[in-house]
Amino acid sequence: MKERYRLADRVDRLGVETAFLVAAHAAAHAAAGNRVFPFHLGDMNLATPPHIGEAACRALRAGKTGYTPSVGIPELREALAEDFRRTRGTSYTADHVAIQPGGKPVIAKFLLALMNPGDEVLYPNPGFPIYESQIQFHGGVAVPYGVVPGETNFTFDIDGLEASINERTRLLIVNDLHNPTSAECSAEDRRRIAELAVRHDLIVLLDEAYFDIHYDGRSTSIVSEPGMEERSVILYTFSKRFAMTGWRLGAALGPKEIISIIGKMNVNDESCANHFVQWAAVEALTGDQQPVQEILAELQRRRDCCVDLLNDIEGVTCYRPDATFYLWPDVTAAMANKGFTAYQAFLSTILQETGVSMCARSHFGTPLPGEDRFFLRLAYSGIGVDDIEEGLRRLKAFLEG
């Protein structure tokens, strides 16, 4: 049969966020009457703090339902710039901020503004799958660098990153406080990454979606390193810090020249972000921060519960990371003990036998040469402690049975 549509060649290069595919399998399992323990998706089952919702309602009642400036309302841009001056030591003003309908749009707009077809872009693998998807979709060459185990947590293979830089390398994507592994840069790591970016004149996307999800101490941004403010675009999202995943609001922050281009893309793509949601975000940034601390405390409680239970399972080992709401346990021995050699069969069997739904290394990029360990990703942001205990108890019984 003759094809009815002739699709653009680039469509073949478009990937997906694979965690949503796992979510679909979990939903089908639940629809068949089975109990599901959702560790697969980094959504949150914690309510947005009430004062933020009330601010949105006030804005709605006040008629804040029309278009806004394409880069966002001035009040929100200034509030976010002030937040960054305080937390990251930048010199940003409102002119350095472009509000977005979520964090994801920043990835594509960064690439469209700065990447020509054929340019090489360094990105973390394992990593958020949208990096590779968008690089390839827009005609760039996606060059991965790895994540490696450290003493107390995963970190980035900066030697491998450096070895991949050549005359075609144009951009670098860094996701410190990392999805999916929770890898976190040390002070020395941040210094080395900044030094490489400056020496090779790379423009850097700093994905800081999890900057505020930090349990012990405070996060430090690579933008604070010498030479980085003028060559970095920061991806910010309200989703994690304020439990606003469904509100779809984020921002790009960086040099005025780049932010101006991203603002022009806003005009072409979505005109502007939702008006009354932006007023809710002003309240989120400037209002009571106690609910944010309560969100962190609950996430930390879930983390500790997960880590303790995972490390009590034969054949499973797991770090206790200080940031994000993801765990990346090594299950190499557990898979071997049960006779599994492939992720899909392992995950499907676990879902059928226990109801536990998780992602795996295979959902976050093609394994790099030399990888010989097997890992799962568990998100604990959307599941309470009681269900964590029950789900991981069932997982332990299956893996040790």
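**View 1. β2 and its partner β10.** Strand β2 runs antiparallel to strand β10 (residues 250-253), with four bridges between the two. Look for Q100, which sits opposite G250 of β10. Strands here are DSSP runs of E with at least two residues, helices are H or I runs of at least four, and both are numbered from the N terminus; two strands count as paired if DSSP finds at least two bridges between them. This is a predicted model, where local features need pLDDT of at least 70, side-chain atom pairs need 80 or more, and totals for chains, interfaces and linings take in all residues. Residue numbers start from 1 along each chain as its sequence is written, and side-chain values use heavy atoms, leaving out hydrogens and water.

**View 2. The seven-stranded sheet.** Zooming out, the open, mixed sheet reads β2-β10-β9-β8-β7-β3-β4. β2 (97-100) and β4 (141-145) are the edge strands with a single partner each, so one side of each has no neighbour in the sheet. From one strand to the next, the twist averages 20°.

**View 3. Helices on the sheet.** Helix α5 (residues 129-137) packs on the sheet and touches β3 (120-124), β4, β7 (169-174) and β8 (203-207), a contact being heavy atoms within 4.5 Å. The direction of α5 makes about 170° with that of β3; axes are lines fitted to C-alpha atoms, for helices over the stretch in contact, and angles run from 0 to 180 degrees between N-to-C directions. Helix α8 (residues 256-269) lies across β2, β8, β9 (232-237) and β10, at about 30° to β2.
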